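Have a look at the sequence and the structure first.

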Amino acid sequence: MTQLPRASLGRVLDDLGATLLDLVHGEVRSTEPIAGIAIHDPYDEPHLPSPALVLGVGLREPGEIAALLRALGEQGAAGLIVRAPVPAGDDLRKAAEESGVALLALTRGASWAQLAALLRSMLSQGDVGDAGDEMLGGMPSGDLFALANAVAALVDAPVTIEDPDSRVLAFSGRQEEADESRVETILGRQVPERYARLLSRAGVHRDLHRSADPVFVTPPPSAPGDFSVPRVAVAVRAGDEFLGSIWAAVHEPLTPDRSRAFSDAAKLVALHMLRLRAGADVERRLRTELVGTALEGGTGARDSLARLGLADQTLVVLALTPAEPEGAADRSGLAADRQRLTDALAMHLSAVHAASAVALLGDVAYGLLPVATSERAVRVATEFLDRVGDRVPAVIGVGPTATSVAQLAVARADADRALRVLRAGCGLRVARLGDVYTKAMVLDVRDLVAARGDEPSGPLAKLLAYDAEHNANLVETFAAWLDAFGDAVAAAAALHVHPNTFRYRLRRLAEVGEIDLADPEARFGAMLQLRVFSA
């Protein structure tokens with residue numbers, strides 16, 4: 001499939017500079033394309049593609065930044081990004097010059113997740129298949145940042161290209177000529193809700209969907225002071241399908257010539273957006289096939305890993321899904337939630353290791369992460385869930401390290417078993433099989449007895465029958481006593497009954513169930529059945 005050429009550090013600064021990134025120290029010396037992005041982890045030495053752009057999340061101390069610059073210089077990194085404001089001092093300047101690693105500052109108010117998303121789209125990470133060049137309208141296919149700059153030149157105004165949900169896909173330079181609302185939109189990669197409501201009430205979105213001509217938008221009287229510059233917008237369509245829109249911050253309506261040029265530009269942007277969507281669909285299908293083949297561990301697994309760039313590496317399998325109990329009805333939108341989580345996981349893992357691969361297989365998103373230990377994978381998975389928040393609660397099963405194709409299939413099975421326990425609800429969000437092994441064994445036994453049609457037997461069967469006939473609670477009493485290790489007082493407190501009442505019930509259940517409570521084998525058998533046959 002055809003992919004965009006990777007961007008150099010100079011191109012990154014051209015497209016994101018002034019709005020998101022500033023060059024603080026060092027020089028952009030090379031035009032070599034950036035090979036990938038990586039998040040700096042002080043507790044683990046990340047794999048860095050060469051040359052890499054490193055996100056220094058949480059770095060504040062000048063000495064720490066200078067030391068990292070020198071270390072990155074030895075690994076051939078192109079740049080280090082830290083949060084603005086960058087500490088002053090000659091040590092950082094010297095470290096950047098000596099290491100050859102440019103030090104950049106991320107604008108305050110922009111999030112690391114937003115920056116990673118933009119960089120990932122620009123750098124076209126994780127290419128699968130053959131690379132090639134394709135031009136549409138004289139520009140590289142799918143290069144929306146180049147298109148935004150070209151459209152900005154046509155209309156002589158800063159431009160954003162947005163999707164149907166008003167998310168910013170790309171933007172031009174000169175954004176400082178717009179107002180604060182435009183800056184906030186770019187920093188958040190989304191038109192803020194308060195502005196979207198204003199535009200909707202003013203009928204702008206309705207007009208934009210109905211018209212093929214540019215729509216001039218004057219800030220409504222109720223608009224806050226930071227929305228002061230008028231806009232002109234035009235719909236991007238493919239036939240009747242609304243693909244998005246182009247927005248230019250202007251001070252007056254466009255001239256007829258510029259208005260026609262703006263409309264013509266929308267047609268070209270539509271071609272590029274369709275090409276991007278088609279390319280993403282093809283890449284997603286191909287990546288799904290390759291990841292699925294690798295996880296099966298069959299004859300094609302080794303070739304699939306090679307095509308993914310993961311051959312001969314130590315891998316950990318991550319298994320992710322929304323935290324829906326097994327057998328629950330599939331609520332509306334769950335499929336979309338799974339895909340969004342899959343895409344977010346792919347972005348997160350690519351920042352840890354550029355060669356990571358993620359695919360949605362059935363209702364589970366699997367990630368192949370090249371790290372040396374499962375402990376590191378657990379940290380990565382936990383960080384991911386912390387960042388995506390609780391809007392779509394999710395759980396992740398983590399497999400052991402796999403150094404061969406055969407071990408990869410086993411690692412996938414272990415991750416699946418851990419994930420099943422998490423989905424059943426055990427109070428954890430991330431777990432390896434060893435963390436939940438007993439619960440996994442109980443689920444395995446439950447599958448076996450369900451397949452054979454087994455029913456409770458022995459003392460438990462007698463207690464269940466007695467409770468059903470007499471509306472009693474001897475099974476509940478027995479379970480509480482077992483869980484309390486035979487401590488009648490603690491078990492009584494758990495059931496909110498008097499200890500004497502509890503002891504009476506305990507004697508009664510021993511009689512009805514014909515069980516010797518002092519016999520460890522009898523206790524174990526009853527406890528196992530309680531776990532296996534409980535709802």
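What follows is a short tour of ring contacts.

The model is predicted, so local features need pLDDT of at least 70 and side-chain atom pairs count only at pLDDT 80 or more, while totals for chains, interfaces and linings use all residues. Residues are numbered from 1 along each chain as its sequence is written, and side-chain values use heavy atoms, leaving out hydrogens and water.

Rings of Phe, Tyr and Trp (its six-membered ring) pair if their centres lie within 6.5 Å; planes under 30 degrees apart count as stacked, over 60 as edge-to-face and the rest as tilted. By this rule there are 3 aromatic pairs. One of them joins Tyr 195 and Phe 227 edge-to-face, 5.8 Å centre to centre with 75 degrees between the planes. Tyr 195 belongs to helix H7 (residues 193–201), whereas Phe 227 is in the loop between strand E10 (215–217) and strand E11 (231–238), so the pair ties together parts 32 residues apart in sequence. Helices (H or I, at least four residues) and strands (E, at least two) are DSSP runs, numbered from the N terminus.

Tyr 195 counts as buried at 3%, and Phe 227 counts as buried at 6%.

Phe 478 and Trp 481 make a stacked pair, 6.4 Å centre to centre and 25 degrees between the planes. Both lie in helix H16 (residues 474–483), 3 residues apart, about one turn of the helix.

Definitions and conventions
Buried < 20%, exposed > 50% of the residue type's maximum accessible area, 1.4 Å probe, protein only.
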